[in-house]
Each structure stands twice: as C-alpha cells, then as structure tokens.
Amino acid sequence: MEPSLTLRGIDVYRSYLDRPEQAALVDDIRGIVTAAPLFSPETRWGKKMSVRMTSAGRFGWISDRSGYRYAAKHPNGEAWPPIPERVLDIWQALANNHRLPECCLVNWYGEGARMGLHQDRDEADFSFPVLSVSLGDEGLFRVGTDARKGPTESFWLRSGDVVVMGGAARLTYHGVDRIRFGSSTLLPQGGRINLTLRVVT
Ligand SMILES: O=C(O)CCC(=O)C(=O)O
Ligand SMILES: [Fe+2]
C-alpha cells in the first residue's frame, strides 16, 4: 500500500482504519487499560506529563524521577498485557520487516494535553520503524529534522490515520502541539488516543 502523503520522509496513511475498525481498536484499548491502568508519568525533574500512558507488550515505556526507560512491568508491579492481534495486523501490513513490535505505548491526550518535540531513541536498533495510530480527537503533529533546532512543519492527524517513521526519518524530531478536543465522536468523553509500536531490543 502506498502512503497518502510523505512529509520529511514520514509516511502518513490517511484513514487507514475505517470507523468500525477504529471502534474495535478502542475496545481492545479498553482491555489494555483495564489490565494496566493509565498513569501520568513524571519526568526526572518531578514534573507530571500532560499525556496519560500505559503499554502492552513485553516492554512498556515509563518515566519517573530516575528518568525514562523501557520496563518489563507496569509501575504497579504487574506484567503488561499482550499487544492485541488487531494492532499487530497493522504493523504486519505497513512496517515491512520480520520483527514484531515489543512495545505498544498507549498515549491518552485529554483536553490541553500535548507532547513536546522529541526523538524516539530509547530502542536498540533504529533500522526498525516506529508506527503510530491516531484515534479520536484530531492532534496537531509537528515534525522537524534529526536536529533539535531544525525547521519544523505541522499537520493534523485524524482518527484512523497511521504514521510510519522509518529509514532516514526514524530519528526525526516530532511532537503533538495540541489536540482539537471534541473534534471526533469516536470516544464519547472526547480525547485523543495514540498507539505507538516499537521494536525495543
Ligand atoms: O501522539 C502522537 O501522535 C505521537 C506520540 C509519540 O511521539 C510518542 O509516544 O513517542
Ligand atoms: Fe515519539
């Protein structure tokens, strides 16, 4: 399948998931959140992130006063639930490699939540892409270059869109400036969910 657009090497598959597929994925995510509750990670400096998170897979991404890292257990001490088949299917269709993701990060953006510009670079091997799925409210996604101070541009990600950052774009700086709270009817209470799939080891 060809991407709908490629921006600075990042492939965007617009409306990759139709509405029933999005709703089924939300049900899967409810299952993850029941097993591994959302939490608000703290940065090393003790500031709470505005995005609430949890994970599925062998590893989850956590952050606390010791810094951020992948961990085999939720902060409550339990293993993360498995990555849903429906999520793995998206990876199989678009990630174009033989490894399966080891982490499915679930990011939950409520009103006013954002994610600062960053690189995804806690993984061992950057030859594997990062794939992300957007659900619910629209999010303004900012992409730059592989330099922190490089030029950036932004575009709106909508429910059902899938983004693949691979190859030369694997270490592109990116972030979410803001969401348009209430712009989608997928989540009855509003908000945006982003799933990010990564090979970790
Ligand atoms: O919410 C998004 O679209 C991006 C999330 C992200 O960049 C991350 O979790 O590393
Ligand atoms: Fe990221």
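**View 1. The shell around ligand 1 has five nonpolar, seven polar and one charged residues.** Here Ala, Val, Leu, Ile, Met, Phe, Trp, Tyr, Cys and Pro count as nonpolar, Asp, Glu, Lys and Arg as charged, and the others, Gly among them, as polar. The model is predicted: local features need pLDDT of at least 70, side-chain atom pairs count only at pLDDT 80 or more, and totals for chains, interfaces and linings use all residues. Residues are numbered from 1 along each chain as its sequence is written, while chains are lettered from A and ligands numbered from 1 in the order in which they are written. Among the 13 residues around ligand 1 (C-beta atom, placed from the backbone, within 6 Å of it), Asn107, Asp120, Val176, Asn194 and Thr196 come nearest. Two or more shell residues come from each of β6 (103–109), β8 (130–136), β9 (138–143), β12 (174–180) and β13 (192–198). Helices (H or I, at least four residues) and strands (E, at least two) are DSSP runs, numbered from the N terminus.

**View 2. Helix α2 (residues 85–94) has Val87, Ile90, Trp91 and Leu94 buried.** Buried means that 20 or more other C-beta atoms, placed from the backbone, lie within 10 Å of the residue's own, and exposed means 12 or fewer. The buried residues of α2 fall within an arc of 100° seen down its axis, so they line one face of the helix; the arc is that of the directions from the helix axis to the C-beta atoms. On the other side of α2, Glu85 and Asp89 are exposed. Asn96, with a positive phi near 60°, follows α2.

**View 3. Strands β4 (residues 60–64) and β5 (residues 67–71) run antiparallel.** Five bridges join them; strands pair if DSSP finds at least two bridges between them. Trp61 has Tyr70 in β5 as its bridge partner. β4 and β5 form a hairpin, with two residues between them.
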